[in-house]
Amino acid sequence: MTPEEQEALKRARRGRNVALGLVLAALVALFYAITWAKIAG
Amino acid sequence: MTVLAMPTAAASTTLPSEWRDYFALTKPRVMSLVVFTGLCGLLAAPGHINPVLGFTAVLCIALGAGGAGALNQWWEADLDARMKRTAKRPLPGGRMERTNARDFGIALSVASVLIMGLAVNWLAAIILAISILYYAVVYTIWLKPRTPQNIVIGGGAGAFPPLIGWVAVTGHITWMPVLLFAIIFMWTPPHFWALALFVQSDYAKAGIPMLPVVAGQAATRRQILAYAIVLFAVSLAPWWIGGVGAIYGVAAVALSALFVALCIPVALRRSAEGDRMKPEKRLFGYSVLYLFALFAALVADRLILGQGLAA
C-alpha cells in the first residue's frame, strides 16, 4: 500500500468513525425524547 | 428472459468506503419521496400523535427504506455495474465490500422495525417490515429479473409509506390509507415506464426484462396511458368516499388530468434512433411533481378544512 493509499484509508476511517459517533449520539437523544413522550402520554 | 443477479463474487474493492458511500446505499433520492408520502399519510390521518413519536415514525420509514435500498444494491451489484446510470454506485464502483452493504441493509431494516414497534405501534412496525421484505425480496430478488410486470407488482413496495404513516397515528387500517396505497401503486408503472423508455438501452444491456425491452415500445406506451387513466379514477376515490374535502378534490382533478394529457403524446408517438425523447422525459419529470403536489394537497386539505375523516 502506497503512502497516498494509507492516507486515504485513514481519512475514510476517520470520517466513518465521526459519522458513527454522530449517529449514536442522535440515537441516545431520540430514545431519551421517546421515553419522555411515552411517560407524558 | 431471465437474468438473475446473484451475489456471488464480490466486486474487488480498490478504494476505502467513506460515510458518503453508506449514505449512497440508502438511495437518498428515492428516500425523499418515501419520507414525504409517509409524512403526508401521518399528517392527513385523523387523530393526534405526539410530535416526537410522529418524528420517530417518519424516521423509521426513512430508515426502513434506506435498509431496503441497501439490500437492493447488495443483490444487484453485478447488474448495476452493467448500467451507466448505476455503475458508479459504491459496490460496482469498488468502494465497498459486498458483505458490508448486506449487513448495513439488514441492520437498518431490523432497527427501523424494532424502533417503530417499541415507540409507535406494532401494526405500523409489521407493515414496515412487510414493505422492506416486499422491496428487497419480492421485487429485487424475485420479480425484477423475471417478469416485465416487475414494476407493476413491485410498485407496491413504494406505496406503503403513506399507509404506515397513517397507521402510526390511528393504529388501524381504514379505506383512506388503502386508497393512498392504491394511488402510488397505480402511479408507479407510468412513472417508471416513462424512464424505461429513455434508458431502454441500459436495461437491455443489463438483461432486465423491463416492458419496453420485452414487449416493445408500442405496448409500453399504450400501457402508460391505460395506467394514467386508472390513476385518474383512483386519485379521485378519496374525495368520492368523503375522506377528503374540496382542496384535495380540485387538486386531484387538475393534476391527474394533466398527467393523462402528458401521457397522450407519449402513447401516440413512436421514437426513432437518436430521438431525444422529450415527451417521455417531460412525463417522467411531471410524474414526480404530480405525486408531491397530490400528497401536499391531501395535507393542505386536512390542515385547512380539518376533514381527515376515517373513511
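**View 1. Chain B comes in two parts.** Chain B splits into domain 1 (20–172) and domain 2 (174–311), with bounds taken from an automatic or database domain assignment. Their centres, taken over C-alpha atoms, sit 21 Å apart. This is a predicted model, where local features need pLDDT of at least 70, side-chain atom pairs count only at pLDDT 80 or more, and totals for chains, interfaces and linings use all residues. Residues are numbered from 1 along each chain as its sequence is written, chains are lettered from A in the order written, and side-chain values use heavy atoms, leaving out hydrogens and water.

View 2. Together, domain 1 and domain 2 of chain B bury about 3100 Å² (accessible area, 1.4 Å probe, lost on being put together, summed over both). Carbon and sulfur atoms make up 75% of that. The rule finds zero salt bridges here (a side-chain nitrogen of Lys or Arg within 4 Å of a carboxyl oxygen of Asp or Glu). On the domain 1 side, α7(B) gives the most, with twelve residues (helices are DSSP runs of H or I, at least four residues, numbered from the N terminus).

**View 3. Chain A against chain B.** Here the contact (heavy atoms within 4.5 Å) takes 13 residues from chain A and 15 residues from chain B. Over in chain A, Arg16(A), Leu30(A) and Lys38(A) lose the most area to chain B, together 40% of what that side buries. Between the two chains, about 1000 Å² is buried, 78% of it from carbon and sulfur atoms.

Key
Helices (H or I, at least four residues) and strands (E, at least two) are DSSP runs, numbered from the N terminus.
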